[in-house]
Amino acid sequence: MNIIAPMRNLLAVLLLCFAAAANAQLSIEITGAGAQRIPIAIVPFAGEGALAQGGASISAIVRADLERSGLLRGIEVPPLAPPPTETSPVNFAEWRARQADALVLGSVAARPDGRFEVRFKLFDTVKSADLSGVAYTLSGAQARATAHRIADFVYEKLTGEKGVFSTRIAYVVKRGNRFELQIADADGAGAETALASFEPIVSPAWSPDGRRLAYVSFQQKKPIVYVQDIAAGKQSVVANFKGSNSAPAWSPDGTKLAVSLSREGGSQIYLINPDGSNVRRLTQSGGIDTEPVFSPDGQTLYFTSDRGGSPQIYRMPASGGEAQRMTFEGSYNVTPRVSPDGRMLAYIRRNNGKFQVATLDLASRQIQVLTDSDKDESPSFAPNGRMILLATISGGRGVLSAVSADGRIKQRLSVAAGDVREPAWGPYTR
Amino acid sequence: MNNRRMNMMRAIWMAALLAGLAACSSNPADEQSPAAVEDRTGKAASGPSTGQVAKVDVTNQALAGVDPAVKTGALAQRSIFYDLDQYDIKDQYKPLVEAHAKYLREHPGRKMLIQGNTDERGSREYNIGLGQRRSDGVKKMLILLGAKEDQVESVSLGEEKPRSEGHDESAWAQNRRSDILYQGEY
């Protein structure tokens, strides 16, 4: 696996989806890729035309997913007759000659009950090895979800890291005076609206099980924290105290939320149960304390505070107690997010008037600035920790962008005719 | 108020209906074991697919009536503007705050919402904190001038409701403000 790809290969990945909310479709463009990408041949699955949704075949979705990771590169496959399937004998030398280090073969068969069977196998052509595969039974509507599962399988086998192609993202689209909280697949496809309002919606946060979203909605002319059951479309109030209620963050076990409330004057951090019970104040500062976020072990809260004169990131025990300042460079460091392994913070720092995403290694205290844009907001880690989704401004419009935690891979996600902001990357669904 | 509750009920019924439909259409796929590939029986390929999100629509809320007196004279002045990173009420706005304090004193049953706002720069959540500092300052002055604590609520809209959509200092100056709303206007 040693073919060197150009560092800044510009790949335009066309948007692939056709959901009901088609005008809300996010399209994704890769603007920077890893230095070494694994070349992989994904042969069109025999019979996959029966499952193609509006032209996007299973093999095309798998390839787009893998390429979007920045770690793999799909190679062009000449038409093969007869089309090989996962049961065909593989001539590894021939695939090596085509510069493929890995190979995916598969087939789609219609079942008598109207459902479909998709089977595939992954091969390491360098080692002439069969890396196994999976068979799925699915309805036609599940073709895209199944393609993401296949991409997850291939990605994990080849990189040793769990894939995130089957996860979902939430974000807010502003179009005119209308705000919509939307949920889409991680590739931007299949966007659906969870909440529509003429008042702003900010700070969506996924429950650890991925079934609920906490967010701040201004639908009652002030910030109130709600939790919404995604499948049921049921919105319930978590915190609607006098003053402002904002910045919800779930504890890793899903039993409580950290929020910022001004009910006793000033913005301070509290814990509250998702049903609004058991409110406990955690901070007692004269400053603004907000943007709390739990460490993955649930023991620590990171948050933003201007108690020292400028907004900086602090941490404290999740049960409250003495806070320790974490950021010292610059006069504006906000919006901490903890990586899934707990070793790193992503946050927004202001540098010469530019707001950029940076990471702080919690062990070495080393800082790395990841972006060169100037209005970045709301970083959000993918559940495998590799990519960070963020909101920025491009061409005068709000867009989502993603950068790898090492800063090398970059993507831009934009939506037609609207501002996109407030991204939140959802958890693994199982 | 009743109107709002009815709309809410309607939204909840719609959501429940949609959820029912979604449940019908999302029949999770199962994986089975053919000869050549790994058996993963019991793990479903459901994952993210369309039809699993039910929508809540709050775009059709109505409001009750407002006392016409608060729309005339000095009481029609509702906005206080601030310099960059400032929260104190400049002298030019003190008569405005005094007029509203007088109304609240004379109408102890009436209530008020103060919305603090910031310009667009920086974190949305931190800006909610900054806007709160502005509205808290107005509330504090109203109370000093005789309004009662339970008449006034100070909240923040952060950077979310800019009066000017521009991206320069003149727009930002319009957006660093507190707005006063009376019962029936929110």
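Reply: Two strands pair if DSSP finds at least two bridges between them. Helices (H or I, at least four residues) and strands (E, at least two) are DSSP runs, numbered from the N terminus. The model is predicted: local features need pLDDT of at least 70, side-chain atom pairs count only at pLDDT 80 or more, and totals for chains, interfaces and linings use all residues. Residues are numbered from 1 along each chain as its sequence is written, while chains are lettered from A and ligands numbered from 1 in the order in which they are written. In chain A, an open sheet has the order β15-β16-β17-β18, with antiparallel pairing of its four strands. Its edge strands, each pairing on one side only, are β15 (245–250) and β18 (280–281) of chain A.

Me: Over how many bridges do β16 and β17 of chain A pair?

Reply: Strands β16 (residues 257–261) and β17 (residues 268–272) of chain A are joined by five bridges in the antiparallel sense. Within this pairing, Leu257(A) has Ile272(A) in β17(A) as its bridge partner.

Me: In which order do the strands β19, β20, β21 and β22 of chain A form an open sheet?

Reply: The order is β19-β20-β21-β22 in chain A, and the pairing is antiparallel. Both β19 (289–294) and β22 (324–325) of chain A are edge strands with a single partner strand, so one side of each lacks a neighbour in the sheet. Strands β20 (residues 300–305) and β21 (residues 312–317) of chain A pair in the antiparallel sense over six bridges; there, Tyr302(A) is bridged to Arg315(A) in β21(A).

Me: Which helix of chain B packs on that sheet?

Reply: Contact is judged by C-beta atoms, placed from the backbone, which must lie within 7 Å. Axes are lines fitted to C-alpha atoms, for helices over the stretch in contact, and angles run from 0 to 180 degrees between N-to-C directions. Helix α3 (residues 124–144) of chain B touches β19 and β20 of chain A, and its direction makes about 145° with that of β19(A).

Me: How is the packing of α1 and α3 of chain A to be described?

Reply: Angles under 35 degrees count as roughly parallel, over 145 as roughly antiparallel, 65 to 115 as roughly perpendicular and the rest as oblique. Helix α1 (residues 58–68) and helix α3 (residues 143–159) of chain A pack at about 45°, with axes 8 Å apart. The two helices α1(A) and α3(A) are therefore oblique to each other. The residues of α1(A) that meet α3(A) are Ile58(A), Ile61(A), Val62(A), Asp65(A) and Leu66(A); their counterparts in α3(A) include Ala147(A), Ile150(A) and Val154(A). This contact of α1(A) with α3(A) comprises 10 nonpolar, two polar and two charged residues, where Ala, Val, Leu, Ile, Met, Phe, Trp, Tyr, Cys and Pro count as nonpolar, Asp, Glu, Lys and Arg as charged, and the others, Gly among them, as polar.

Me: At what angle do α2 and α3 of chain B cross?

Reply: The axes of α2 (residues 94–106) of chain B and α3(B) cross at roughly 55° and come within 9 Å. Helices α2(B) and α3(B) are therefore oblique to each other. Val97(B), His100(B), Ala101(B) and Leu104(B) in α2(B) meet Val138(B), Met141(B) and Leu142(B) in α3(B). By class, this contact has six nonpolar, one polar and no charged residues.

Me: How many residues does each chain bring to the contact between chains A and B?

Reply: Chain A brings 69 residues and chain B 50. On the side of chain A, β7 (residues 129–138) gives the most, with seven residues. Strand β10 (residues 192–197) of chain A also runs parallel to β2 (residues 56–57) of chain B, joined by two bridges.

Technical notes:
Contact = placed C-beta atoms within 7 Å.
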